[in-house]
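Biologist: I'm new to this one. Please walk me through it, one question at a time.

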Amino acid sequence: MTKVPDHIARMIRVDQAGEFGATRIYAGQLAVMGDRGPDSAEIAGMAEQEAGHRAKFDALMARRGVRPTALQPFWDRAGFALGAVTALIGPEAAMACTAAVETEIDDHYSRQLDRLEASGEDPELAAMIEEFREDEREHRDAALAAGAERAPAYPLLSGLIRIGCRAAIRISERV
């Protein structure tokens, strides 16, 4: 197996961790909302897409020998808790969580694509990121259309979640 350059391994590791975290956020939301919430079907569809993204990153990690983040057990619990808490606040807060997370992921994936396209390296990873970024943008747009901005204290809630996402990205690249 060819050694994966460190910066590519970090990209794969953090992206897999992010997709894993997204599945856990949606699991927390659905645990609270069940199938009776006004946005449950939409959330379940998003969760299914994120699970597909995660499966593709899991396979890429296995093929390339990239280790997952050591913080996966923490992201498991933190993601579920974030999803559950925002769903407990209400459907708009659950959607605010999605909008905030997906905004950060869009920015993150865009930076990665810029770097990969500038260097011309790893077209397989670039194609995955580009495909998934479009899905994440659709999730963000759907969350906004579903009333994310009507959540209680939306600017504060969104801002805190976005800060948390940025911190999780930086930590997961390395740990």
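**Charges, rings and pockets**

Biologist: Is Lys3 buried or exposed?

Modeller: The relative accessible area of Lys3 comes to 65%. The cut-offs are under 20% for buried, over 50% for exposed and partly exposed in between, using a 1.4 Å probe and protein chains only. At 65%, therefore, Lys3 is exposed.

Biologist: What should I know about the model and its numbering?

Modeller: It's a predicted model, where local features need pLDDT of at least 70 and side-chain atom pairs need 80 or more, while totals for chains, interfaces and linings use all residues. Side-chain values use heavy atoms, leaving out hydrogens and water, and each chain's residues are numbered along its sequence from 1.

Biologist: Which residue does Lys3 meet in a salt bridge?

Modeller: A salt bridge here is a side-chain nitrogen of Lys or Arg within 4 Å of a carboxyl oxygen of Asp or Glu. The structure holds 15 of them. In this one, N and O sit 3.4 Å apart, and the partner of Lys3 is Asp6.

Biologist: How many residues apart in sequence are the parts that Glu124 and Arg63 tie together?

Modeller: These two form a salt bridge, with 2.3 Å between the closest N and O atoms. Glu124 is partly exposed at 37%, and Arg63 is partly exposed at 46%. Since Glu124 belongs to helix 5 and Arg63 to helix 2, the pair ties together parts whose separation in sequence is 61 residues.

Biologist: Which residues belong to the salt-bridge network that includes Arg137?

Modeller: Start with Arg137 and Glu134, whose closest N and O atoms are 3.2 Å apart in a salt bridge. Both lie in helix 5, three residues apart, which is about one turn of the helix. Salt bridges with shared partners join up one network, made of Asp106, Arg133, Glu134, Arg137, Arg140 and Asp141.

Biologist: What kind of aromatic pair do Phe57 and Phe132 make?

Modeller: Two aromatic pairs turn up in a search of the whole structure. Phe57 and Phe132 have ring centres 5.5 Å apart and planes at 70°, so they are edge-to-face. (Rings of Phe, Tyr and Trp, its six-membered ring, pair with centres within 6.5 Å; planes under 30 degrees apart are stacked, over 60 edge-to-face and the rest tilted.) The answer, then, is edge-to-face.

Biologist: Are Phe57 and Phe132 buried or exposed?

Modeller: Phe57 lies in helix 2 (residues 40-64) and Phe132 in helix 5 (residues 123-145), so this pair ties together parts 75 residues apart in sequence. Phe57 has 0% relative accessibility, and Phe132 has 0% too. Both therefore count as buried.

Biologist: Which helix gives the most to the lining of the largest pocket?

Modeller: This pocket has a volume of about 490 Å³. Of its 27 lining residues, those closest to its centre are Gly18, Gly21, Ile25, Cys165 and Ala168. Helix 1, helix 3 (72-89), helix 4 and helix 6 (154-174) each supply at least two lining residues. With eight residues, the top contributor is helix 1.

Biologist: Which helix has the largest share of the lining of the second largest pocket?

Modeller: About 150 Å³ of space lies in this pocket, and among its lining residues are His7, Arg10, Glu173 and Arg174. At least two lining residues come from each of helix 1, helix 4 and helix 6. The largest share, four residues, comes from helix 4.

Terms used
1 Å grid on protein atoms, 1.4 Å probe; cavity = no way out; pocket = protein on both sides within 12 Å on 5 of 7 lines; lining within 4 Å. Points joined across faces, edges and corners; volume = space filled by probe spheres on them.
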